[in-house]
Amino acid sequence: MPEGPSHRDRVLIIGNGMAGQRLVEALLVRPTPPSQITVVGAERVPAYNRILLSPLLAGELDHAALTLRDADWYTEQGVELILGDRVERIERQARQVITASGRRLDYDRLVLATGSRPAMPPVPGIDLQGVHGFRDLEDAATLTECAQGGGSAVVIGGGLLGLEAAEGLRKRGMAVSVLQRASRLMNRQLDATAAGLLEAELASRGLTVITDARLAAVEDDGHGRVAAVHLEDGRRLVTDCVVVAAGITPNAELGHDAELDSDRAILVDAHLTTSDPAIHALGECCQFEQHTYGLVEPIWRQVEVLAAHLAGEAVGGYVEQPSATKLKISGVSLYAFGPTEAAPEHDVLSYHDPERGDYRRLLLRDGRLEGVVLYGDTRIGPWAFEQALAGSDLNACRQALLFGPADVQALLDAAAEDADRAADSAHLQRPVEEAA
Ligand SMILES: Cc1cc2nc3c(=O)[nH]c(=O)nc-3n(C[C@H](O)[C@H](O)[C@H](O)COP(=O)(O)OP(=O)(O)OC[C@H]3O[C@@H](n4cnc5c(N)ncnc54)[C@H](O)[C@@H]3O)c2cc1C
């Protein structure tokens with residue numbers, strides 16, 4: 001077996017989720033795809049668009065809208081797809097994996113794409129019936145069923161996922177309370193003003209938001225079902241259902257048990273290779289330097305690097321970049337990236353029109369954008385993100401930055417014309433200066 005991958009290698013992918021499925025697509029379009037691709041997934045259905053579970057729960061989309069590829073597509077592409085079977089062990093010496101149903105599958109190159117699961121707070125009662133995560137189609141179906149009887153729900157976590165789950169359940173007719181540990185919603189993405197606007201909007205729809213709320217215990221109704229949640233400050237909230245959306249735990253156990261180097265997740269280098277050169281990991285189960293993942297954008301870039309690498313192509317390594325955040329709650333427009341708090345060396349530009357619910361705050365360091373929070377009108381978000389990634393010097397158009405590319409471009413053009421004129425006049429003056 002050569003050190004580097006070759007396109008003759010048989011590739012076995014564990015996990016038919018967002019990363020595993022995208023890797024299959026990326027491998028198939030290489031000029032020299034692997035000789036054999038096998039995918040084993042624990043879920044019973046082929047990979048679907050997990051991101052759309054939120055609009056599915058809110059009743060805004062139906063099931064079919066989540067489909068990425070059906071099982072026939074895998075067959076047509078010559079990809080072996082094994083569903084509803086969980087890989088339980090990796091035997092590195094034999095280059096085999098063993099599944100829950102007893103299958104033994106060979107590999108030359110193994111890819112771990114096992115994602116993550118909801119992190120459950122270690123409080124009494126967290127295992128009771130009626131306490132759910134929000135991660136897959138089964139969770140979405142269970143939550144939809146819970147909401148059918150109306151009643152009340154408590155969502156633990158006021159981040160992206162918690163708010164999307166809360167709004168979905170509210171739209172289905174439940175009375176929903178969101179418990180947020182921090183002093184504001186989405187504290188990792190939003191500053192206090194934007195978080196306040198978001199909270200006011202959600203409250204106006206009927207959601208109850210409780211900040212600085214620390215979960216102490218989930219109360220049993222005497223029959224193994226949830227009856228209420230208790231907060232550390234002594235409050236008790238009666239509820240029919242609890243949704244935990246308070247962070248994720250990478251599914252790194254397979255790698256850990258196989259003695260691959262791991263930390264918070266399975267450690268990989270810039271080619272997504274683990275400490276075993278025949279084993280790779282990507283997506284939410286991997287850790288690159290100090291980074292673990294929870295959004296798809298960096299995972300798509302990992303997929304491209306790993307697909308090229310597995311196809312035996314020379315490829316530059318994966319490079320960490322910031323990611324932007326959007327919230328998928330209809331009627332709420334929000335876009336953010338970068339630090340939420342201004343550092344002393346930041347220039348802060350902000351605009352707030354409370355009447356129209358429009359708020360924009362930009363953080364610049366030496367004329368370069370580092371952080372953006374937009375609430376209301378978010379149209380300049382993707383443009384601002386591009387400028388930040390490119391490290392563009394925006395000093396010449398500071399006064400227009402809050403209003404987007406059209407005004408900015410006019411100022412940049414004017415600045416470029418001024419610079420040209422200055423260069424021309426310096427050129428014209430040179431003989432005079434030289435003569436002097
Ligand atoms: C409700 C919801 C909304 C989201 N919204 C957004 C969003 O708006 N924007 C965004 O960027 N991201 C969003 N995300 C996050 C995004 O879905 C994840 O970042 C992405 O799915 C990660 O891909 P992955 O392949 O690493 O993990 P997953 O998609 O979770 O796939 C992992 C797969 O591996 C399987 N598996 C695990 N262990 C084994 C095993 N031992 N054997 C076989 N199979 C196994 C799992 O069952 C799963 O099917 C959202 C997530 C959720 C749950």
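# Strand partners and charged pairs

Visitor: Which residue stands opposite Phe337 in strand 25?

Guide: That's Val372. Before we go on: this is a predicted model, where local features need pLDDT of at least 70, side-chain atom pairs count only at pLDDT 80 or more, and totals for chains, interfaces and linings use all residues. Residues are numbered from 1 along each chain as its sequence is written, and side-chain values use heavy atoms, leaving out hydrogens and water.

Visitor: What makes strand 22 and strand 25 a pair?

Guide: Two strands pair if DSSP finds at least two bridges between them. Strand 22 and strand 25 (residues 368-375) have 4 bridges, in the antiparallel sense, so they pass. Strands here are DSSP runs of E with at least two residues, and helices are runs of H or I with at least four, numbered from the N terminus.

Visitor: How do you know that strand 21 pairs with strand 22?

Guide: Strand 21 (residues 325-326) and strand 22 (residues 334-337) share 2 bridges, also antiparallel, so they meet the cut-off of at least two. Over there, Lys326 stands opposite Tyr335.

Visitor: Which way do the side chains of strand 22 point?

Guide: Leu334 and Ala336 go one way, Tyr335 and Phe337 the other, and all are buried. In a regular strand the side chains alternate between the two faces of the sheet.

Visitor: Why is the contact of Arg135 and Glu284 called a salt bridge?

Guide: The term needs a side-chain nitrogen of Lys or Arg within 4 Å of a carboxyl oxygen of Asp or Glu. Arg135 sits in the loop between strand 9 and helix 4, Glu284 in the loop between strand 19 and strand 20, so the pair ties together parts that are 149 residues apart in sequence.

Visitor: Why is Arg135 called buried?

Guide: Buried means under 20% relative accessible area, exposed over 50%, and partly exposed in between (1.4 Å probe, protein chains only). Arg135 has 19%, so it counts as buried. Glu284, with 10%, is buried too.

Visitor: What makes Glu370 and Arg365 partly exposed?

Guide: Glu370 has 29% relative accessibility and Arg365 has 28%, so both land in the middle class. Their side chains meet in a salt bridge at 2.8 Å, N to O.
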